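Reader: I should like to go through this model with you, one part at a time. Could you please bring it up?

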Amino acid sequence: MKQNILLQLHPMTKFYFTLFIFAVVLISPGYIFSFAIFPILILIAMLAGVAKEFLNIVIKALVTVLIFIFIMQMFFYPGENVLWEWGIFEIKQEGIKYGLLLTSRILAIGSAFILFFRMTEVRDFVKSLEDIGLPPMGAYVVLSTLQIIPEMRRQANTIMEAQKTRGVETEGSIFVRAKAFIPTLTPLILSSIAGTEERAITLESRAFSAPVKKTSLHQLSKSNMDRALPVVFALVVIGLIVWRFFL
């Protein structure tokens with residue numbers, strides 16, 4: 001089966017697109033444009049075949065935070081146009097506008113980065129950073145940082161399954177799950193430390209710290225589209241800057 005053309009793009013092209021979204025959202029005034037970015041990202045996710053995972057992560061990671069931020073800005077942002085008042089709580093027009101602006105930008109930028117990591121393998125992204133000059137040690141730090149949360153999640157699930165086989169109740173109310181999770185912290189931390197030591201030994205056995213040029217079996221290639229799209233992104237950003245601040 002032929003791979004999706006969006007997934008075939010070079011990792012740095014997809015990263016430049018994410019930075020492009022970041023730039024245009026900050027440059028463009030108002031919140032309507034920033035909110036309009038999100039449906040575009042959903043469409044891209046659908047074309048790339050990752051819409052389900054993308055929306056699932058956005059809902060879990062961003063929606064609650066955005067609601068909290070909007071409520072805080074709505075009630076506590078300084079302003080003079082009071083729309084509703086009850087005791088010490090006041091909803092101001094300025095707070096609503098700023099809350100919409102802030103949440104729209106966080107939604108657009110956060111969704112762009114989530115989509116990037118849904119469409120890009122971590123090892124491809126790290127290899128692309130190496131190709132543009134990042135030292136191997138820096139690439140390893142980036143790789144370890146990006147993998148630490150998924151790795152700890154897998155270890156936690158393994159430990160919880162082991163606890164379940166021993167008859168420990170791990171499902172039910174939030175208090176039951178919290179009570180079951182606390183005993184997993186010690187083995188989780190110890191296994192993470194042991195895993196770090198094992199990775200260090202493995203790297204040294206492969207002469208990772210040797211002062212020689214490193215080679216890699218994993219290679220990335222760029223297409224004509226990968227060369228053209230970053231130029232288009234840069235021209236659009238420059239045009240927006242000129243329109244926003246000089247016209």
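Author: Exposed means over 50% relative accessible area, buried under 20%, and partly exposed in between (1.4 Å probe, protein chains only). Helices (H or I, at least four residues) and strands (E, at least two) are DSSP runs, numbered from the N terminus. This is a predicted model, in which local features need pLDDT of at least 70 and side-chain atom pairs count only at pLDDT 80 or more, while totals for chains, interfaces and linings use all residues. Residues are numbered from 1 along each chain as its sequence is written, and side-chain values use heavy atoms, with hydrogens and water left out.

Reader: Which residues of α3 are buried, then?

Author: Ser34, Ile37, Phe38, Leu41, Ile44, Ala45 and Ala48 are buried in α3. They lie on the same side of α3 because they cover an arc of only 125° around the axis, taken from the directions from the helix axis to the C-beta atoms.

Reader: And what do the buried residues of α3 pack against?

Author: They pack against α1 (5–8), α2, α4 (51–76) and α5, where contact means heavy atoms within 4.5 Å.

Reader: How far apart are the end C-alpha atoms of α3?

Author: They are 25 Å apart, which agrees with the 24 Å that the 17 residues of α3 (residues 32–48) should span at 1.5 Å a residue. The expected span is 1.5 Å times one less than the number of residues. Just after α3 comes Gly49, with a positive phi of about 80°.

Reader: Which residue follows α6?

Author: Gly133 follows α6, and its phi is also positive, near 120°. Within α6 itself (residues 122–131), the buried residues are Asp124, Phe125, Val126, Lys127, Ser128 and Leu129.

Reader: May we change topic? Where does Thr13 lie, and is it buried or exposed?

Author: Thr13 lies in helix α2. Thr13 is buried, with a relative accessible area of 3%.

Reader: What is Thr13 in contact with, leaving aside its neighbours within four places in sequence?

Author: Thr13 is in contact with Asp226, Leu229 and Phe233.
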